[in-house]
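Here is a brief report on a ligand site and on aromatic pairing. Start with the model itself.

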Amino acid sequence: MPFDQTGFRRHARRFLPEDLDVDLHGRVALVSGANSGIGKATAEALARLGAEVWMLCRDRQRGERALAELRASTGGRLHLAGLDLSELAAVRRFLVSEAPPRVDILVHNAGALLDARRFSSDGLELTLATHLVGPFALTVGLLDRMRRPTDQPPARVVWVSSGGMYTRRLSVERLGQREGPFDGVTVYADVKRAQVVLSELLAERLVGQGITSNAMHPGWAGTPGVQSALPLFHTLTRRVLRSPAEGADTVVWLAACPRIAGLSGGFWFDRQEAATAPLPGTRERPEERARLWQAVQEWSETRWP
Ligand SMILES: NC(=O)c1ccc[n+]([C@@H]2O[C@H](COP(=O)([O-])OP(=O)(O)OC[C@H]3O[C@@H](n4cnc5c(N)ncnc54)[C@H](OP(=O)(O)O)[C@@H]3O)[C@@H](O)[C@H]2O)c1
């Protein structure tokens, strides 16, 4: 099974050790949802490589605890910023008052699989707001701090999607659905599909600006999120789940590996490019991609510059 720990270990045999033999001193990384699971493992790995890491966490107490732990375990330069990605006002506040003046790595990791339809204070369904709309507003708000001249290594945006998106074809109508039965797993998979397409759309628009955008999926990692959202799945698979660090491996690789600095618009799994629509009927039409680009700007009240 490629998604579990045996898959990771098999795939890891072809990883090149020199890919992450890298010094990130002087680089600034933002990691959302960094107090738990894959985000915390990502923040830890980037701090160990020398990056200055901003942990973007919605809950201050949980954030403080993780910050103290990672400072102790890495000895690195880490900061905490309170940020609920599902709230546009919080994103704007962060951009105005807290965000660092330079950003080299932006990891969109924060996420949750919900059991009921809930709305953000902007009136957006929470899965959509957290995984897509808030991160888009954050990315656009940080563009000036991420652009690099062509003689410098580009800044990198990394989207943590999910293999769950494989079963879904992009539907902007479904993303905007506000009524009717709610199935958290399919809503999550729809939004994770949209993240992958949005990363590709951003990559197209960022050509020549010294910023790359890539999406990945981590396989199945044993994290607090999986345990609470999918308890049965967790119980049945916990012996074979990847560790959070194994789930984070491709995130860190996309954020840090010098060899792939210029690559953009890809979808990655275990450090290899993966097909985005291997299942029949899951490839979206170009009109649907254009609709997504339009919709995400409307939902986020953010115009692409
Ligand atoms: N684990 C897997 O097998 C797996 C597989 C596929 C994809 N993923 C993706 O990997 C990412 C990390 O998940 P995980 O498994 O590590 O779960 P996790 O342990 O629950 O971590 C999720 C993190 O996101 C944060 N978060 C949730 N909503 C947020 C919001 N509105 N604003 C800011 N932060 C928010 C959580 O904060 P709190 O602690 O405050 O809740 C937590 O820090 C997610 O995007 C998930 O969809 C995971």
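A polar contact is a pair of N or O atoms within 3.5 Å. A backbone N or O atom of Gly 111 lies 3.2 Å from a ligand oxygen. Thr 223 places a polar side-chain atom 2.6 Å from an oxygen atom of the ligand. For Asp 84, a polar side-chain atom lies 2.8 Å from a ligand nitrogen. Taken alone, the ligand exposes 880 Å², and the protein buries 91% of that (Shrake-Rupley areas, 1.4 Å probe).

This is a predicted model: local features need pLDDT of at least 70, side-chain atom pairs count only at pLDDT 80 or more, and totals for chains, interfaces and linings use all residues. Residues are numbered from 1 along each chain as its sequence is written, and side-chain values use heavy atoms, with hydrogens and water left out.

## The shell

The ligand is surrounded by 29 residues (a heavy atom within 4 Å). Ser 36, Arg 62, Asn 109, Tyr 188 and Thr 223 are the closest. By class, the shell has 11 nonpolar, 14 polar and four charged residues. Asp, Glu, Lys and Arg count as charged, and Gly counts as polar.

Helices are DSSP runs (H or I) of at least four residues, and strands (E) of at least two. Helix H8 (224-229) is among those that supply at least two shell residues each. H8 gives the most, with three.

## Aromatic pairs

The whole structure holds eight aromatic pairs (ring centres within 6.5 Å; planes under 30 degrees apart are stacked, over 60 edge-to-face, the rest tilted). Tyr 166 and Phe 267 pair edge-to-face, at 6.0 Å centre to centre and 80 degrees between the planes. This pair links distant parts of the chain, 101 residues apart.

Technical notes:
A polar contact is a pair of N or O atoms within 3.5 Å; within protein, one must be able to donate a hydrogen and the other to accept it, and residues adjacent in sequence count only if both atoms are side-chain atoms.
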